[in-house]
Structure formats: C-alpha cells, structure tokens
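Good morning, colleagues. Today I should like to present one structure and ask you to look at it with me.

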Amino acid sequence: YLFFITLYFLKISSILFNFLQKVPVRDLVMAARIDFTYDLDLWFCGVIEKRFPNCEAFLLDDPINLMKSGNYNAVPNIHGIVSHEALLFYNPAIVEAVEKDDFFITLNELKELVYRHTMRSLSKDDLKKIHYFYFKNEKNPVPGYINLISDLFFVRDAARAVKLLKMHCKAVYYYLLAYKGQVNIV
C-alpha cells in the first residue's frame with residue numbers, strides 16, 4: 001500500500017522507470033514478497049534505497065517520515081478503503097472452525113494480534129473493550145473477526161496516511177466503498 005502512495009509523492013527517475021519496464025512482472029512480484037503473520041502476504045512494499053554515486057535513488061526515507069516532514073510532492077490525492085476488506089483472507093479453515101463451533105478469539109490471541117500489528121501493549125481492560133466492540137458475545141464471531149482484521153490491516157494505516165498527508169497537502173480525499181453487490185470475488 002505504501003509503495004503505491006509513494007508514487008504520488010516522489011519523482012520517478014527516468015533511469016529507474018526504464019529499468020523497471022524491462023524487468024519481468026513475475027520477477028518484481030517475487031522480489032517484493034514479504035511473508036507476514038497469519039499466512040498473509042504483503043506485496044510491493046517500498047524499500048529505502050542506498051545511495052550510489054552517479055545514480056538517483058527513488059525512495060530515500062521511510063514514507064511515514066516523508067509524510068510527516070512534507071518532503072513529497074503535495075499534489076491532490078485520494079485514498080480509499082473497502083468495507084470488510086479482510087474478506088479477502090476468509091478461507092476454508094475459518095469456515096470449518098465456525099461449523100465445528102470452534103472459532104473464537106481469546107483475550108490472549110487478541111493481545112498478540114494487536115501487538116503484532118501495532119507494536120502496542122494494551123491493558124486487560126482495553127483488550128476486553130476491544131473484544132466486546134468486535135465480538136459482543138455474538139454466536140457468530142466471523143463478522144467481528146473480519147472487521148477486526150480489516151481495521152488492523154487496512155483501515156488503520158489508510159487513516160494514518162490521510163491524517164499525515166493533511167498536515168502538508170490541502171487536497172486529500174478519503175472514501176469508503178461499501179457497495180454490496182452480487183458480483184465480487186468473495
């Protein structure tokens with residue numbers, strides 16, 4: 001996600017652009033793959049480049065630092081999220097666990113999940129509030145799980161990026177796509 005954002009902020013050098021046009025897509029995808037928790041994959045993550053003589057680098061600092069400092073091209077930009085984004089990760093193992101009435105998130109699992117994705121330790125009371133917010137003691141925990149994962153993996157970072165961009169850019173637009181149609185992947 002941050003890789004695509006940085007395309008808006010930084011000038012792409014013609015050398016890098018020409019090089020990337022010649023690299024097979026499969027090679028780019030495999031080089032950018034990072035294994036993530038819960039068997040999820042992040043693709044196309046930005047990498048801070050080393051400086052080399054007579055070579056213009058594309059990304060010289062962490063995108064968060066660039067957004068905070070305003071060291072980017074502050075053109076109008078738009079960011080969006082999709083409701084229930086984590087349905088992308090809904091898989092047969094979850095379906096099987098729900099059917100066996102064996103799908104639930106304990107406070108310890110929630111603590112680990114939140115820490116892994118936010119690097120924040122929360123009190124037991126805060127974890128209970130979060131657990132209640134997402135699961136509310138409902139018989140089917142899957143909708144709450146989908147919302148929790150969506151918020152942790154997508155919404156949190158998109159909202160943070162928009163907040164940081166608004167510090168230096170006057171035209172930042174943020175939308176939620178919540179259309180529920182009959183023709184979609186999930």
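Predicted model: local features only at pLDDT ≥ 70, side-chain atom pairs only at ≥ 80, totals over all residues.

Let us begin with helix 7, which covers residues 124-135.

Which residues of helix 7 are buried? They are L127, H131, Y134 and F135. Viewed down the helix axis, the buried residues fall within an arc of 80°, and therefore they line one face of helix 7. The cover over these buried residues includes helix 6, residues 107-118, and helix 8, residues 142-165. On the other side of helix 7, D125, K129 and F133 are exposed. Just after the helix comes K136, which takes a positive phi of about 40°.

I now turn to the surface. I78, V82, Y173, Y175, L177 and Y179 form a nonpolar patch there, and together they have about 680 Å² of accessible area. Which strands supply at least two residues each to this patch? Strand 3, residues 77-82, and strand 4, residues 172-177, both do. Strand 4 gives the most, with three residues.

L177 lies in strand 4. Its relative accessibility is 45%, and L177 therefore counts as partly exposed, since that class lies between the limits of 20% and 50%.

Thank you for your attention.

Methods: Residues numbered from 1 in each chain as written. Heavy atoms only, no water. Patch = residues over 30% accessible without salt bridge, like charges linked within 9 Å, V, L, I, M, F, W, Y side chains within 5 Å. Areas by Shrake-Rupley, 256 points an atom, 1.4 Å probe, with all protein chains shown as cover. Salt bridge = Lys/Arg side-chain N within 4 Å of Asp/Glu carboxyl O. Helix = DSSP H or I, 4+ residues; strand = E, 2+ residues; numbered from the N terminus. Buried < 20%, exposed > 50% of the residue type's maximum accessible area, 1.4 Å probe, protein only. Expected span 1.5 Å × (residues − 1). Arc of directions from axis to C-beta. Contact = heavy atoms within 4.5 Å.
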